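The plan is to look up a few spots and jot down what turns up.

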Amino acid sequence: MSTGDSGSREPVLQATGLVKTYGRVVGLDGADLDLYPGEVLAVIGDNGAGKSTLVKCLTGAEIPDEGEIRLEGRRAQFKRPQDARAQGIETVYQTLAVSPALDIAANLFLGRELRKPGPLGTLLRVVDTKRMRRRAEEELAELGITTLQDVTVPVENLSGGQRQAVAVARAAAFGSKVVVLDEPTAALGVRESRQVLELIASLRDRGTPVILISHNMPQVFEVADRIHIQRLGRRAAVITPQSHSMTDAVAIMTGAARA
């Protein structure tokens, strides 16, 4: 994606002047964020910079005290995560919300189970397992996930990277407008992290904008189109891997330099 033309396009998701306080603790102090179509926007910052609070406000887990959120140019108010999901924003948190006892297909449709057609589905609410498994296979194939060949395998039998892939695939299947990934490689080894980074690239390739929260600078600089630097509860700068180095990013994060 070219980052130079972002000024002439509408952000798919935009936050302006978000404020969130917890008693005397300031989580956000006039925070802004712009996410454009088909890009990976990394959000980085020191602990306490407000990264998590910002993302929680964007995804309905927190309600900002002040400020405005716009989705596709229209004002959006999320009072709970279900509100954001209903409008096409899916989030994969560091603590994966997967059900270990259920198989891959059932996890992909967790809370959105497909029912059998006719009275069996409408009256008796019988789940259409066959259709869910077929759709799960299609979704995994579209994302290029080759490590999950059998969608009938219980998630408890999967590795950490495979479980992350299931969670990302679920977000991709239903996140029609935005996918938010919170530290998706934090607990993974090198090979499994590589698979997740390839998944992020697949999401971008199919036109889904991604917000990536990460502490891993090499991964951020590898996969991000733009990098939002959060400091002291607000946006300190937006840089690109082409315009700045990792050393520059750390200097802006710590306040030692400005963009």
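**Two helices in contact**

I started with who touches whom: G160, G161, Q162, Q164, A165, V168 and A172 in α6 meet E192, V196, L199 and L203 in α7. Sorted by class, this contact of α6 with α7 has 6 nonpolar, 4 polar and 1 charged residues. A reminder to myself before going on: this is a predicted model.

Next I looked up how the helices are set against each other. α6 covers residues 160-174 and α7 covers residues 190-205. Their axes come within 9 Å and cross at roughly 10 degrees.

**A pocket**

Then I turned to the second largest pocket. Its volume comes to about 180 Å³. I found 13 residues lining this pocket, and I63, P64, G67, A76 and Q77 are the ones that lie nearest its centre.

Which strand gives the most to the lining of the second largest pocket? I checked, and the answer is β4, with 4 residues. β4 (66-71) and β5 (74-76) each supply at least two residues of that lining. By class, I have 6 nonpolar, 2 polar and 5 charged residues down for the lining of this pocket.

Last, I went through phi angles. Most residues other than glycine have a negative phi, so I was after exceptions.

R125 is one: its phi is positive, about 55 degrees, though R125 is not a glycine. I found R125 in the loop between α4 (119-122) and α5 (129-142).

L232 went on the page too, as a residue other than glycine with a positive phi, near 55 degrees. Where does L232 lie? I traced L232 to the loop between β9 (226-231) and β10 (234-239).

Key: Residues are numbered from 1 along each chain as its sequence is written. This is a predicted model: local features need pLDDT of at least 70, side-chain atom pairs count only at pLDDT 80 or more; totals for chains, interfaces and linings use all residues. Side-chain values use heavy atoms; hydrogens and water are left out. On a 1 Å grid over the protein atoms alone, a cavity is a set of points where a 1.4 Å probe fits but cannot get out, and a pocket is an open set with protein on both sides within 12 Å along at least five of seven lines; lining residues have an atom within 4 Å of a point. Grid points are joined across faces, edges and corners, and a volume is the space filled by probe spheres set on the points. Ala, Val, Leu, Ile, Met, Phe, Trp, Tyr, Cys and Pro count as nonpolar, Asp, Glu, Lys and Arg as charged, and the others, Gly among them, as polar. Axes are lines fitted to C-alpha atoms, for helices over the stretch in contact, and angles run from 0 to 180 degrees between N-to-C directions. Contact means heavy atoms within 4.5 Å.
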